[in-house]
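Me: I'm new to this one, so could you walk me through its salt bridges?

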Protein chains: 2
Amino acid sequence: MTEPKRRGPRQAEAERNDRALLRAARQVLAADGGHASVAAIAAAAGVGIGSLYRRYRTKEELFQRLAELSLDNWNQAAERGLAEDDPWEGLASFIVTCAEFGQGSLAPIAGTIEVTKEMQAKSDRSDELLAALVARAHQARVLRPDVTAVDISLLIEQFGRSPALDQLRKQGREDLIEAAANAHKRVLAIAVDGLRACHSRPLPGNPPTDQLFSERWAHETGRDRRWTG
Amino acid sequence: MTEPKRRGPRQAEAERNDRALLRAARQVLAADGGHASVAAIAAAAGVGIGSLYRRYRTKEELFQRLAELSLDNWNQAAERGLAEDDPWEGLASFIVTCAEFGQGSLAPIAGTIEVTKEMQAKSDRSDELLAALVARAHQARVLRPDVTAVDISLLIEQFGRSPALDQLRKQGREDLIEAAANAHKRVLAIAVDGLRACHSRPLPGNPPTDQLFSERWAHETGRDRRWTG
DNA sequence: TTACAACCGGAGTAATTCGCTCCGCAAGTT
DNA sequence: AACTTGCGGAGCGAATTACTCCGGTTGTAA
């Protein structure tokens, strides 16, 4: 409704630029952390800085859009996972989809962007969907019993970026990028296999509290920060 | 030989400061990436900038020392692992030790610091030690057969930092840091369990080439970089 | 062709942050 | 007291930042 039909080749280019910008933002954010500059994002997208600022009024607006997109991707992946017949396959494909979308690139900006009402609602929904996926896998006894939803969240975040891939991209080693991406998928597959209910020894430590995630997007509680960076 | 004995309380303080600096550098580097500033490192260590520059002439010198320390830690952990009787326990403890030392914090500076002869030698040795650990585990049939040494390296790097922990540290949430550290250990334990030889389906894709690692520390080959950051 | 609209890229700008130097000060030794 | 040793951080020029503004290019219509 907002965009019924593109009205010409210029609009098509604008859409392509927007997609390239969001994609590049995830990559540069993963590689450079929260300090990622708009110039670097625009360059990685292959567009001018002007084009970036025509679509997003500020850097923060771009980051907010990015966060919302990631939540959408998370929720869609979870719904697709729940729609699968096999509880294990549903959970596993959800994890892989989230990780490969680059979910982890958002960690450095968590706590720096303002959280809108929509984002909060989507975040709440994402918690419910993940809990449902985990509960179903537990009931089917395919997921090792000592694994919690927070464990899965942390695993997704942990694999939401690949240090090796980020560095190669920064160096412009296009020739190795695909190999690194495949290698990353392999390691993720190893970790996902570790979730299966075929392990004798229990995990170390106590199950993590969900406080670890619920407070992570909190915005400047007045608490003094340790570092300036 | 270089430092036979500390000659007074001032030297003791200097040593403590040095350890704090190196420790803080790993943490800030993990949280802020390659742009980590010396001011942030000094602040996180609780020392002044002047003290940092009395010990290291430049920022790069500090980073070089950091890289060398990581290689030492890697090699010591590998030797301890090889000294263990159980091939599986040897490999697993090696992985956990390296990951928890913060091996992954070095990724953002790989390619930006000059590699000394000593570092190159230690790096070569680290390759040999890891290969020995992997070969021994393969022979004992405790490691899933399709896992290579490069897979292990990537896994260590992947878990060499924790995005959640980094963010909490940046926010000064001391109350949650220990919980996050424990949660990180749990997820790592899950991934390590995925390495065991009790999985039916093979890993996706082809085994990664060691080119992924051998060229990562290469310094400015004249290749044009994509981003300025 | 000419007139016009839509959109692009990036030079320019003020403000900030950077790596690093330098110096005044406190603590320990003689 | 005189001296040594190491400390913290203000201050410096250079580099980088987010963002603005405008000349140029592309596509459409007469």
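**Salt bridges, within and between chains**

Me: How far apart are the closest N and O atoms where A:Glu215 forms a salt bridge with B:Arg173?
Reply: This is a predicted model, where local features need pLDDT of at least 70, side-chain atom pairs count only at pLDDT 80 or more, and totals for chains, interfaces and linings use all residues. Residues are numbered from 1 along each chain as its sequence is written, chains are lettered from A and ligands numbered from 1 in the order in which they are written, and side-chain values use heavy atoms, leaving out hydrogens and water. A salt bridge puts a side-chain nitrogen of Lys or Arg within 4 Å of a carboxyl oxygen of Asp or Glu. For A:Glu215 and B:Arg173, the closest N and O atoms sit at 2.7 Å.

Me: Is B:Arg173 buried or exposed?
Reply: Buried means under 20% relative accessible area, exposed over 50%, and partly exposed in between (1.4 Å probe, protein chains only). B:Arg173 has a relative accessible area of 9%, so it counts as buried.

Me: Which residue of chain A forms a salt bridge with B:Glu215?
Reply: The closest N and O atoms of this pair are 2.8 Å apart. B:Glu215 itself is partly exposed, at 25% relative accessible area. Its partner is A:Arg173.

Me: What about A:Arg125: which residue does its side chain meet in a salt bridge?
Reply: The N to O distance there is 2.5 Å.

Me: How many salt bridges does the structure hold?
Reply: The count runs over all chains. The total is 26.
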